[in-house]
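Trainee: I have a new model open on my screen and I'd like to learn how to read it. Could you walk me through it?

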Amino acid sequence: MATELVINSDRVQKLFDDLEAQKTILSSCTQLFSTLSNRFISLQDSLSQKSQSLESKIQALESNSRETLESLSQREDSIPERESAAAARIEEQREAALADFGKPASASAELSETLKSLSRRMDSSGLVRYIVSKRKESVSLRAEISKAIAEAVDPPRLVLDAMEEFLKRKSADKRWACGMLIQALFPEMNSKKNKGPEFARSVVERAAEMVLLWKGQMDEEGSAVYGPAEAVMLLQMVLGFGLRSRFDEEYLRKLVVEFAARRDMAKLAAALGFGEKIGDIIDELVKSGKELEAVYFASEAGLTERFPAVSLIKSYLKNSKKNASTILKNGNNSMAATEESSTLELNSIRAIIKCVEDHKLESEFSLDSLRKRATHLEKAKAERKKSSAGASKPQNKRAYGSGGGRSSGPPSFRPSKAAKFSNAFPPFSRRNPAPPAQHSPAARYSGPYNYPSQSMYDGPNTTPYASSYGVPHSQSPAALPQQHYSLPVDNMGAAGYRATVSYGGQTSYGAYDYGNAAPPTYQPSSYTQ
């Protein structure tokens, strides 16, 4: 009896085990079914969304196709009218060019008429020479050159011919003239909203070959030779002729960063389309101490929230004051160190004032203390210049000894002729003042903007003055007054920029003759912002 009860218990236990296994299987099947159901629902929703998106794209494509077909139809209908207008225009330009060929050259012709005449004749060499001869009228040239080029039968070919001549035989004058021609051909190409004119494929290919040849020359010469002006011109041609895809992005980025101090470079960088990498470029500018350039780049790229202008300006001001103090300390407060420190600080202040005014940040960044400091530095420079000028005047009267009756003091000795006439004429910089080139990017803000090498020429040598009065040329340089000559910016290297280049119409401040400065009276700045 007991044995039968044990057997029945085992059968019941086995039954329960089977039921538990089936329960587990049912649970797994239920979970799997739920997972599959959710997956199918998700796929169905995704397919539905994609189907709707595809339908909207098909509708947009159909709409665009209709608009394109309508536009093509209108252009096709306007072809005869455009052909007749183009033919009339060509005939008009042909007659004007023939009339110009028949006219004798007149030296008294107006600027605009001469420019148009040379453009109609497609005389690129004559046009470049004429522009160079009118460098002193750069403002009038810039206003008339675009209109003149439009009179040419083939404006891009005219500019490319001039550029080809420049690349064969470079000079600062030709560089400046060709820069004006490129700027006139692409007046709006450095704007993000303007793609520039469209050219024939043959013109674009010729421009591409020329730019690649130009790039090879620049790589051989180095940045210290070709300078910032050619870098800007090359980028303008790359943008204007649509050659962006033919250049390595890193090469273009290098040009932008190296010559970020150029007035047009911020707009060119924005137009080149670096995308998110423009933020990296601005970061690099900040790390290299070019905070003001970073302000302009951030403004053009629309990244003012990421790079606040006021913070960058304050950082630049702090660093410039630190650099000025370091120069003064390392120079043991000498006269040269005082002048260098004062000039650096004054240029930095002017750059900051110009930047704040350009971006209308007066409400966020007060300029009162900076203006007062700039006035103080200018007055100190003027006083040193005045005192040095008085000290350098030659003594024309001779003092007599006891035998002469005019003075009881010791007899004085008359200076030699070389010493007497060594300062007979003021230094060239005093008659045509120009501040020395600064390594600081602030130098480009200190005056009104001029196109590269626009209005300043190499100063004359002092040898004619010396030889006219019998002064031997072997005279020690230390005995002669220091002279500063304003060099064209195109001839300067990447380390220095001409002080008259700026971001806009900044009023130019006077320059000083630092070679004859008085003993140091400069004190480190104590103003606060």
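What follows is a conversation about reading this model, feature by feature.

Mentor: Some ground rules, then. This is a predicted model: local features need pLDDT of at least 70, side-chain atom pairs count only at pLDDT 80 or more, and totals for chains, interfaces and linings use all residues. Residues are numbered from 1 along each chain as its sequence is written, and side-chain values use heavy atoms, with hydrogens and water left out.

Trainee: What is the mean pLDDT of the chain?

Mentor: pLDDT is the predictor's confidence in each residue, from 0 to 100. Here the chain has a mean of 75, and 69% of its residues reach 70 or more. Over residues 399-529 the pLDDT is below 50, and that stretch still has 275 contacts in the model beyond near neighbours in sequence (a contact means heavy atoms within 4.5 Å). Residues 190-194 stay under 50 as well, with eight contacts beyond four places in sequence. Where pLDDT is low, the predicted coordinates should not be read in detail.

Trainee: Okay. How many helices and strands does the chain have?

Mentor: Helices (H or I, at least four residues) and strands (E, at least two) are DSSP runs, numbered from the N terminus. This chain has 18 helices and zero strands. Among contacts between residues at least 6 apart in sequence, 79% join residues at least 24 apart.

Trainee: And what share of the residues is buried?

Mentor: Buried means under 20% relative accessible area, exposed over 50%, and partly exposed in between (1.4 Å probe, protein chains only). Of the 529 residues in the chain, 39% are buried.

Trainee: Which residues touch the most other members of the largest nonpolar core?

Mentor: A nonpolar core is a set of buried Ala, Val, Leu, Ile, Met, Phe, Trp, Tyr and Cys residues joined through side-chain atoms within 4.5 Å. The largest one has 93 residues, and I131, M163 and F297 touch the most other members. Helix α8 (residues 223-240) gives the most to this core, with nine residues.

Trainee: Let's zoom in. What does I131 touch?

Mentor: I131 lies in helix α3 and is buried, with a relative accessible area of 1%. Leaving out residues up to four places away in sequence, I131 touches L115, L141, I145, W176, A177, M180 and L181. Take M180: it sits 49 residues from I131 in sequence, while their C-alpha atoms are 8.8 Å apart in space. As for M163, its contacts beyond four places in sequence are C178, I182, M210, W214, M233 and M237.

Trainee: Which residues does P156 touch?

Mentor: P156 lies in helix α5 (residues 155-168) and counts as buried at 9% relative accessibility. Beyond four places in sequence, P156 touches L185, F199, V203 and F241. P156 and F241 are 85 residues apart along the chain, with 9.6 Å between their C-alpha atoms.

Trainee: Now a whole helix. Which residues of α13 are buried?

Mentor: An α-helix has 3.6 residues a turn, so residues three or four places apart point the same way. In α13, the buried ones are A309, V310, L312, I313, Y316, L317, S320, A324 and L328. They cover an arc of only 160 degrees around the axis (taken from the directions from the helix axis to the C-beta atoms), which puts them on the same side of α13. The face turned away from that buried side carries the exposed residues K318, K322, K329 and N330.

Trainee: How far apart are the end C-alpha atoms of α13?

Mentor: The expected span of a helix is 1.5 Å times one less than its number of residues. Helix α13 (residues 309-330) has 22 residues and should span 32 Å; its end C-alpha atoms are 31 Å apart, which agrees. Helix α7 (residues 201-221), with 21 residues, should span 30 Å, and its end C-alpha atoms are 30 Å apart.

Trainee: Last one: where does M122 lie?

Mentor: M122 is in the loop between α2 (111-120) and α3 (124-133). Its phi is near 60 degrees, a positive value in a residue other than glycine, and M122 is buried, with a relative accessible area of 16%. N333, in the loop between α13 and α14 (335-358), has a positive phi of about 55 degrees although it is not a glycine. At 46% relative accessibility, N333 counts as partly exposed.
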